[in-house]
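I opened this entry to look up two things. How do the helices pack, and which charged side chains pair up?

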Amino acid sequence: MNTQPPPALPRLTLGPFAVAADGTLSARAPGLSPAIRFIWRGRACEALVQEGALRLRAIAGRIPSTAEPGADRHFTARAVAELPAAMPPGWLLRLTADHRVALEHQVTPRATAVALLTEMVRFALALDPHLDRLEGVGAR
């Protein structure tokens, strides 16, 4: 009777991720924060794995500059300011230095490829009404 444990399965790689035998994703090298970037409705999005958590982020729009002809900056800024009240619990709105509107959400699922894709889809679908609202006020 063999009492030796079976040999460990080799790690696989999936893009920027290392995949353990149980399917758990991690960084391929220590100190890295692997991410998958994707486009949803023409917006740059990313799913970033950091220390067991998944941070999802989308650049949802941009507040127009006062130098842009025909732009109603005040109306757009007011709509952006009202967004947090309509966002799901745990979501954050950040305004970048170049006036882009970033919407973020962090979850702590078991970090597997299936969980990663599931959360990416949930995030994209929850993002839709906010994109509609921003498009309606010209924050594209």
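**Helix packing**

I began with helix α1 (residues 73-86) and α2, whose axes come within 11 Å and cross at roughly 165°. The model is predicted, and I read every value below with that in mind. Angles over 145 degrees count as roughly antiparallel. Therefore I logged α1 and α2 as roughly antiparallel to each other. The handedness came next: α1 passes α2 in a right-handed crossing.

I then listed who makes the contact. From α1 I noted A79, V80, E82, L83 and A86. From α2 I noted H130, R133 and L134. Sorted by class, the contact of α1 with α2 has five nonpolar residues, one polar residue and two charged residues.

**Salt bridges: the count**

Next I turned to charged pairs. The total is 12 salt bridges. I followed up on some of them.

**D132 with R41**

I looked up D132, whose side chain meets that of R41 in a salt bridge, N to O at 2.7 Å. This pair links distant parts of the chain, 91 residues apart. D132 sits in helix α2 (residues 113-136). R41 lies in the loop between β4 (35-40) and β5 (43-50).

**R55 with E46**

I checked R55 next. R55 forms a salt bridge with E46, and their closest N and O atoms are 3.7 Å apart. I marked R55 as buried, and E46 as buried also.

**R57 with E104**

The side chains of R57 and E104 also meet in a salt bridge, at 3.7 Å from N to O. I traced both ends, and the pair links distant parts of the chain. R57 belongs to strand β6 (residues 53-62), and E104 to strand β8 (residues 100-107). They are 47 residues apart.

Burial needed the cut-off again: buried means under 20% relative accessible area. R57 has 21%, so I logged R57 as partly exposed. E104 has 6%, so E104 is buried.

Which residues do shared partners join into one network? I wrote down R37, E46, R55, R57, R94 and E104, joined by salt bridges that share partners. Both of the 3.7 Å pairs above, R55 with E46 and R57 with E104, have their residues in this network.

Technical notes:
Residues numbered from 1 in each chain as written. Predicted model: local features only at pLDDT ≥ 70, side-chain atom pairs only at ≥ 80, totals over all residues. Heavy atoms only, no water. Salt bridge = Lys/Arg side-chain N within 4 Å of Asp/Glu carboxyl O. Helix = DSSP H or I, 4+ residues; strand = E, 2+ residues; numbered from the N terminus. Buried < 20%, exposed > 50% of the residue type's maximum accessible area, 1.4 Å probe, protein only. Axes fitted to C-alpha atoms, helices over the stretch in contact; angles between N-to-C directions. Parallel < 35°, antiparallel > 145°, perpendicular 65-115°, else oblique. Left-handed = near helix turned anticlockwise from the far one by under 90°. Contact = heavy atoms within 4.5 Å. Nonpolar A, V, L, I, M, F, W, Y, C, P; charged D, E, K, R; others polar.
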